[in-house]
Amino acid sequence: MLRVGEKQELTVVKKVDFGVYLGDADEKVLLPKKEVPADVTVGDPVTVFLYRDSKDRLIATRREPMLTVGKFAVLKVKEVAKIGAFLDWGLEKDLLLPFHEQTAKVQPGDECLAALYVDKSGRLCATMRVYPYLHRNSPYGINDEVGGRVYELSGNFGTFVAVDDRYSALIPRREGVTGLKVGDRIHARVTGVKEDGKLDLSIREKAYLQMDEDAEMVMGVIEEYAGVLPFDDRVDPEIIRREFGLSKNAFKRAVGRLMKQGRAEIRDHRIYKLK
């Protein structure tokens, strides 16, 4: 059976002037002449990758693609057209990344983490929605330092990250992270490992190390409000995220640090700068 998007070992069943046909009596695919091994003959096995050419015909190649169906890789954007972006994946025909499979708009020269799938019409396409494809057997544990690539943003869950461009990870929404975008490379700390192997990450230091930095940032915002913040530490978490990019717990710790230092106080549901 001929399987598009996969590497297969097929048998030479016919030689023609423009190449050889591979397969069997029922299904055949052309391997163009320029890719036919020297001295090949009918009956010989040849390992090839199957895809569709520019005329949408099934074709075989001995060239090595950067990914096969169900796999993922970091690919470079070559151009953007009306139907989507085209990615360099090591073959003559570039790989289509449809607009609806982009988690953020891409531009020529960008690199994106993408997986390969077969669409409803039998064509090979790329998707940046790689969550189902990432591995969950990372070697990392809690407090390990890791590097990763942001591949999707979710208002409900947080920031999805591919650690080492291969392992499934998330910066949870409760972290209050702002300013990241798809494609960003990050350095993070593992804060949890789920039962299924997925990682929870934080790009912030441990609380006791981060507190002083957060306190200075909060004081800076209070000063922008002329020394009186028009809410206290019981305000809605969404307002805290918008104003400070912090979780509610981190904000409360920062305010507590300022109060302990005698630099701020809470009264009348407001936070006042003291010195």
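This note covers the barrel, the nonpolar cores and one hairpin of a predicted model.

1. Basis. Local features need pLDDT of at least 70 and side-chain atom pairs count only at pLDDT 80 or more, while totals for chains, interfaces and linings use all residues. Residues are numbered from 1 along each chain as its sequence is written, and side-chain values use heavy atoms, with hydrogens and water left out.

2. Barrel. Five strands, in the order β11-β12-β13-β15-β14, close into a barrel with mixed pairing. Strands are DSSP E runs of at least two residues, numbered from the N terminus; two of them pair if DSSP finds at least two bridges between them. Strands β11 (residues 145-154) and β12 (residues 158-163) run antiparallel and are joined by six bridges. Within this pair, Glu152 stands opposite Phe160 of β12.

3. Cores. A nonpolar core is a set of buried (under 20% relative accessible area, 1.4 Å probe, protein chains only) Ala, Val, Leu, Ile, Met, Phe, Trp, Tyr and Cys residues joined through side-chain atoms within 4.5 Å. The largest has 23 residues, and Leu75, Leu87, Trp89, Leu95, Leu97 and Leu124 have the most contacts inside it. Strands supplying at least two residues each include β9 (111-118) and β10 (124-127). A separate core of 18 residues includes Val218, Phe231, Ala250 and Ala254.

4. Hairpin. β9 and β10 form a hairpin with five residues between them, and Gly122 in the turn has a positive phi of about 85 degrees. The two strands pair in the antiparallel sense over four bridges, with Ala126 in β10 as the bridge partner of Leu116. Both faces of β10 are covered: Leu124 and Ala126 are buried on one side, Cys125 and Thr127 on the other.

Definitions and conventions: Buried means under 20% relative accessible area, exposed over 50%, partly exposed in between (1.4 Å probe, protein chains only).
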